[in-house]
Amino acid sequence: MSCFCFLVDQKTKIRRSKPVAGTCSRCRSSARVADMMTQTRFCYVPVNSKYWKAIICSFCGAILKSYRQASY
Ligand SMILES: [Zn+2]
């Protein structure tokens, strides 16, 4: 039987962000709206990228709210 090495990982990056009204529920810092990108890699080769929006905390980085985008 052959041995297959499956190596799948996901990377989430903040592409850009800007201040938005609201505060973090954890640390009370100001919230930011961010364009996020999640890239799925298979054996270090990017196979899928997903773009989405999220409200994140500028201080602790918590994701307060996320929006799935219809278009990829
Ligand atoms: Zn916070």
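**Zinc site, strands and salt bridges**

In this predicted model, the four donor atoms around the zinc ion subtend angles of 101 to 119°, which makes the arrangement tetrahedral. All of these angles fall within the range required for that assignment, between 85 and 135 degrees. The protein donors are the SG atoms of Cys24, Cys27, Cys57 and Cys60, lying 2.3 Å from the zinc ion. Along the chain, the donors follow the spacing C-x2-C-x29-C-x2-C.

The C-alpha atoms of cysteine 24 and cysteine 57 are separated by 5.7 Å, although the two residues are 33 residues apart along the chain.

The protein contains four strands and zero helices, and its pattern along the sequence reads β-β-β-β. Of its 72 residues, 25% count as buried. Strand β3 runs antiparallel to strand β4 (residues 63–68), and five bridges join the two. Within this pairing, isoleucine 55 has lysine 65 in β4 as its bridge partner. β3 and β4 form a hairpin with five residues between them. In the turn of this hairpin, glycine 61 has a positive phi of about 80°.

Three salt bridges were counted. In one of them, the side chains of aspartate 9 and arginine 41 meet at 3.0 Å, N to O. Aspartate 9 lies in strand β1 and arginine 41 in strand β2, so this pair ties together parts that are 32 residues apart in sequence. Arginine 41 counts as buried at 17% relative accessibility, while aspartate 9 counts as partly exposed at 29%.

Arg16, Asp35 and Lys53 are linked in a network of salt bridges. The side chains of arginine 16 and aspartate 35 meet at 3.0 Å, N to O. Because arginine 16 lies in strand β1 and aspartate 35 in strand β2, the pair ties together parts that are 19 residues apart in sequence. The side chains of lysine 53 and aspartate 35 meet at 2.7 Å, N to O. This pair links lysine 53 in strand β3 with aspartate 35 in strand β2, 18 residues apart. Aspartate 35 counts as buried, at 12% relative accessibility.

A nonpolar surface patch of about 500 Å² is made by Phe6, Val8, Phe42, Val45 and Val47. Phenylalanine 42 is found in strand β2 and counts as partly exposed, at 35% relative accessibility. The C-alpha atoms of glutamine 10 and phenylalanine 42 are 8.9 Å apart in space, with the residues 32 apart in sequence. Glutamine 10 lies in strand β1 and is exposed, with a relative accessible area of 53%.

Technical notes: Residues are numbered from 1 along each chain as its sequence is written. This is a predicted model: local features need pLDDT of at least 70, side-chain atom pairs count only at pLDDT 80 or more; totals for chains, interfaces and linings use all residues. Side-chain values use heavy atoms; hydrogens and water are left out. Donors are N, O and S atoms within 2.8 Å of the metal (3.2 Å for Na, K and Ca); water is not among the atoms, so sites may look incomplete. Four donors count as tetrahedral if all angles lie between 85 and 135 degrees; four count as square planar and six as octahedral if opposite donors are over 155 degrees apart and all others between 65 and 115; anything else is irregular. Patches are made of residues with over 30% relative accessible area and no salt bridge: like charges are joined within 9 Å, nonpolar side chains (Val, Leu, Ile, Met, Phe, Trp, Tyr) within 5 Å. Accessible areas come from the Shrake-Rupley method with a 1.4 Å probe; for residues, only the protein chains shown count as cover. A salt bridge is a side-chain nitrogen of Lys or Arg within 4 Å of a carboxyl oxygen of Asp or Glu. Buried means under 20% relative accessible area, exposed over 50%, partly exposed in between (1.4 Å probe, protein chains only). Two strands pair if DSSP finds at least two bridges between them.
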